[in-house]
Structure formats: C-alpha cells, structure tokens
Amino acid sequence: MYRVDLNSDLGESFGRYTLGMDDQVIPLITSANVACGYHASDPVVMAKTIAMVREAGIRAGAHPGFPDLMGFGRRNMVITPAEARAYVLYQLGALDGFCRAAGIRMQHVKPHGALYNMAAKDYELSKGICQAIAEFDKDLIVLALSGGELVRAAKALGLRTALEVFADRAYEEDGTLVSRGRPGAMITDENEAIARVVRMVKEQKVTAITGKDIPIRADSVCVHGDGEKALAFVQRIRDALKAEDVEVCALEEIV
C-alpha cells in the first residue's frame with residue numbers, strides 16, 4: 001500500500017493583509033505548515049489558523065523563516081548556525097503556545113522560503129536548524145527536500161525525517177529544485193504535474209530538467225491553493241492518488 005502526505009503553507013496573512021485561501025485548502029490536505037511570525041503571520045492569524053487546523057482534524061507543523069516580513073522570507077540572509085538555531089527555537093515556541101492552548105500538538109517542522117532552500121545545500125546551517133528542533137522536541141518530524149543537507153543534519157541528530165516533493169517544480173539532477181528564474185522551472189501542464197506526483201510516490205523517480213531520471217522519495221507532496229484553479233488542482237491530485245491506490249494520510253502515519 002502506497003501512502004503520502006499532502007502539505008501546504010498556511011497562516012501567511014498579516015494584520016489587514018490577507019494571503020491565501022486557508023479555509024478552502026485545509027479540507028484538502030493532511031498537514032499544515034503554519035507561519036510563525038517571522039516571514040509572515042501575526043498572533044491573531046496564528047490563533048485562527050491553529051483553530052481551523054484543529055477543527056479539520058489535520059496535523060499542524062511549524063513553518064519558520066527568516067525575519068523578513070517585507071521580502072516574505074524569500075531573500076537570502078547571511079546568518080550563523082547559532083543564529084539559525086535561535087531564530088527557529090523562537091518561532092517553535094511561538095507556534096507551540098497556540099497549539100497547546102488549542103489542545104493539539106505540533107507534528108513537524110518545515111523551514112520556509114530562502115531558509116529552506118539554503119538549508120538544502122548548507123549542512124552547517126541545517127545543523128543549526130536541527131539543533132533547535134532537537135532541543136525543543138525530539139519527537140518533531142523534519143520535513144525537508146528529498147536528498148538535501150537538512151535531511152542529513154536531521155538524521156545526525158536522531159530526528160525523524162519526511163522527504164518532500166513538489167508537484168509543480170522542476171528538478172536538477174542533484175535533486176535540488178530548479179531556480180524559479182530559469183526557463184522550465186515551473187511545471188505548468190496540470191496533467192504532467194499529476195503524472196509526476198504519482199510516479200514520484202509509486203516509482204520513487206522523477207525526470208530532471210535535463211531529461212535524466214533521478215531517484216526521489218516522496219513522503220509528502222507540497223501543494224498550493226492560492227486561487228480557484230489551484231484549489232481545483234489540489235483536488236485533482238487527491239483524486240488521481242486515490243485512483244492509483246495511494247492513501248493520503250498525515251506524516252506521523254508514514255515516518
């Protein structure tokens with residue numbers, strides 16, 4: 001029996017600014033990556049998001065990023081591993097407060113944006129992130145790019161890892177994502193994207209941008225629901241997985 005988790009980045013509104021369609025995405029996924037106030041979100045948004053996650057019965061995870069509200073956490077920052085540890089620890093504590101108040105527990109941690117991409121290639125940065133997670137709660141699952149340095153650092157510290165793949169992103173031969181600025185970085189054909197997801201889950205392979213098949217493990221698929229078309233696409237992915245006898249379930253039931 002094949003199993004896979006569907007995750008999405010949520011709770012990224014801020015003050016009077018609304019981003020995403022969280023209430024419509026949540027029923028379609030099994031794990032929510034909730035922003036912790038650094039790259040997006042605020043205390044009110046965090047409280048509302050965790051309440052929706054609890055009501056839907058899905059799992060909550062922390063989505064820590066760089067302290068960069070204006071750049072939405074997508075700009076690279078030069079920080080030390082010690083600073084990475086402190087930034088992540090601070091954000092885990094913030095979200096955990098809302099989880100405890102709602103009577104639920106955090107399942108996982110997935111870094112956001114530039115922090116995620118940099119960690120995939122930087123072992124020392126990844127080690128700082130994982131030290132924060134291990135010190136906070138060794139039972140948390142680290143959700144990371146398949147084949148990246150964050151996976152290696154998490155395993156070195158004895159943390160459970162879940163490997164993430166993307167439905168709409170192209171891959172380099174080393175398993176990293178093709179930079180968004182390059183032609184072909186985004187998979188725009190929905191049928192192709194769905195076929196890639198099914199193959200990643202069942203065959204543990206994906207075709208890189210060079211045309212070469214590379215090994216990949218898919219514990220979780222990242223999906224986005226910003227807009228009606230995107231929401232319909234997420235539903236199509238669920239339907240396709242069901243048709244292929246793939247069970248959609250939470251990370252803690254997989255790893």
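**Cavity, pockets and a helix pair**

The largest cavity holds about 30 Å³ of space. Here a cavity is a set of points on a 1 Å grid over the protein atoms alone where a 1.4 Å probe fits but cannot get out; grid points are joined across faces, edges and corners, and a volume is the space filled by probe spheres set on the points. The model is predicted, with local features requiring pLDDT of at least 70 and side-chain atom pairs counted only at pLDDT 80 or more, whereas totals for chains, interfaces and linings use all residues. Residues are numbered from 1 along each chain as its sequence is written, and side-chain values use heavy atoms, with hydrogens and water left out.

A search of the whole structure returned one cavity of 30 Å³ or more. Its lining (residues with an atom within 4 Å of a point) consists of G65, F66, I79, A84, Y87, V88, Q91 and L115. Helix α3 (residues 81-102) contributes the largest share, four residues; helices (H or I, at least four residues) and strands (E, at least two) are DSSP runs numbered from the N terminus. By class, six lining residues of the largest cavity are nonpolar, two are polar and none is charged (Ala, Val, Leu, Ile, Met, Phe, Trp, Tyr, Cys and Pro count as nonpolar, Asp, Glu, Lys and Arg as charged, and the others, Gly among them, as polar).

Pockets were defined as open sets with protein on both sides within 12 Å along at least five of seven lines. The largest pocket has a volume of about 1100 Å³ and is lined by 48 residues, with R74, F166, R169, R180 and H224 nearest its centre. Two or more lining residues come from each of β1 (2-10), α1 (22-25), α4 (113-121), α7 (190-202) and α8 (228-243); the largest share, seven residues, is that of α4. This lining comprises 23 nonpolar, 13 polar and 12 charged residues.

For the second largest pocket the volume is about 250 Å³. Of its 14 lining residues, S13, T18, D22, V45 and K48 lie nearest the centre. Helix α2 (43-56) and α1 each supply at least two, and α2 gives the most, five.

Helices α5 (residues 123-136) and α6 (residues 149-156) have axes that come within 8 Å and cross at roughly 50°, which makes α5 oblique to α6. The contact (heavy atoms within 4.5 Å) involves Y123, S126, K127, I129 and C130 of α5 and E149, L150, R152, A153, A154 and A156 of α6. Seven of these contact residues are nonpolar, one is polar and three are charged. Axes are lines fitted to C-alpha atoms, for helices over the stretch in contact, and angles run from 0 to 180 degrees between N-to-C directions; angles under 35 degrees count as roughly parallel, over 145 as roughly antiparallel, 65 to 115 as roughly perpendicular and the rest as oblique.
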